[in-house]
Amino acid sequence: GSEMCIRDRENRVEKIVAVGWDKRVMAPCGRCREFLMQLGNPDAQVLVAEDTVVKVKDLLPYYWTGDNQ
């Protein structure tokens, strides 16, 4: 899981896809969106549907950074 990613210092995500139990592409949950932003690449590409790719930052447009309090 995500803790192994951090532990092994594998923390750069360029592209990602979430797949449900039915093997269909789905948008990542809120927790995963938050985690992806914390990894520091807001421009990472996320496949949210079979033919739709968006950037992580577009999934969390009002992300809290500490600068925007």
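1. The largest nonpolar core comprises eleven residues: Val13, Leu36, Met37, Leu39, Ala44, Val46, Val48, Val56, Leu59, Leu60 and Tyr63. Two or more of these residues come from each of helix H2 (30-38), strand S3 (45-49) and helix H3 (56-59). A nonpolar core is here a set of buried Ala, Val, Leu, Ile, Met, Phe, Trp, Tyr and Cys residues joined through side-chain atoms within 4.5 Å. Buried means under 20% relative accessible area, exposed over 50%, and partly exposed in between (1.4 Å probe, protein chains only).

2. The model is predicted: local features need pLDDT of at least 70 and side-chain atom pairs count only at pLDDT 80 or more, whereas totals for chains, interfaces and linings use all residues. Residues are numbered from 1 along each chain as its sequence is written, and side-chain values use heavy atoms, with hydrogens and water left out.

3. Met37 is a member of the core. Apart from neighbours within four places in sequence, Met37 is in contact with Pro42, Val56, Lys57, Leu60 and Tyr63; contact means heavy atoms within 4.5 Å.

4. The protein chain contains three helices and four strands, arranged along the sequence as α-β-β-α-β-β-α. Helices (H or I, at least four residues) and strands (E, at least two) are DSSP runs, numbered from the N terminus. Of the 69 residues in the chain, 23% count as buried. Among contacts between residues at least 6 apart in sequence, 39% join residues at least 24 apart. The chain exposes about 5,600 Å², of which carbon and sulfur atoms supply 52%; accessible areas come from the Shrake-Rupley method with a 1.4 Å probe, and for residues only the protein chains shown count as cover.

5. The four strands form an open sheet of mixed pairing, in the order S2-S1-S3-S4. Strands S2 (25-26) and S4 (52-55) are the edge strands, each pairing on one side only. Two strands pair if DSSP finds at least two bridges between them.

6. Strand S1 (residues 15-19) runs parallel to S3, and three bridges join the two. Within this pair, Lys15 stands opposite Gln45 and Ile16 stands opposite Val46. On pairing with S4, S3 is antiparallel, over four bridges; the bridge partner of Val46 in S4 is Val54. Val46 also belongs to the nonpolar core.

7. S3 and S4 form a hairpin with two residues between them. Asp51 lies in the loop between these strands and counts as exposed because its relative accessibility is 71%. The side chains of Asp51 and Thr52 are joined by a polar contact of 3.2 Å. A polar contact is a pair of N or O atoms within 3.5 Å; within protein, one must be able to donate a hydrogen and the other to accept it, and residues adjacent in sequence count only if both atoms are side-chain atoms. Asp51 and Val25 are 26 residues apart in sequence, with a C-alpha to C-alpha separation of 9.6 Å.

8. The count of disulfides (pairs of cysteine sulfur atoms within 2.5 Å) is zero. The sulfur of Cys29 has its closest cysteine sulfur in Cys32, at 3.5 Å, which is too far for a bond. Cys29 counts as partly exposed because its relative accessibility is 42%; Cys32, at 39%, likewise counts as partly exposed.
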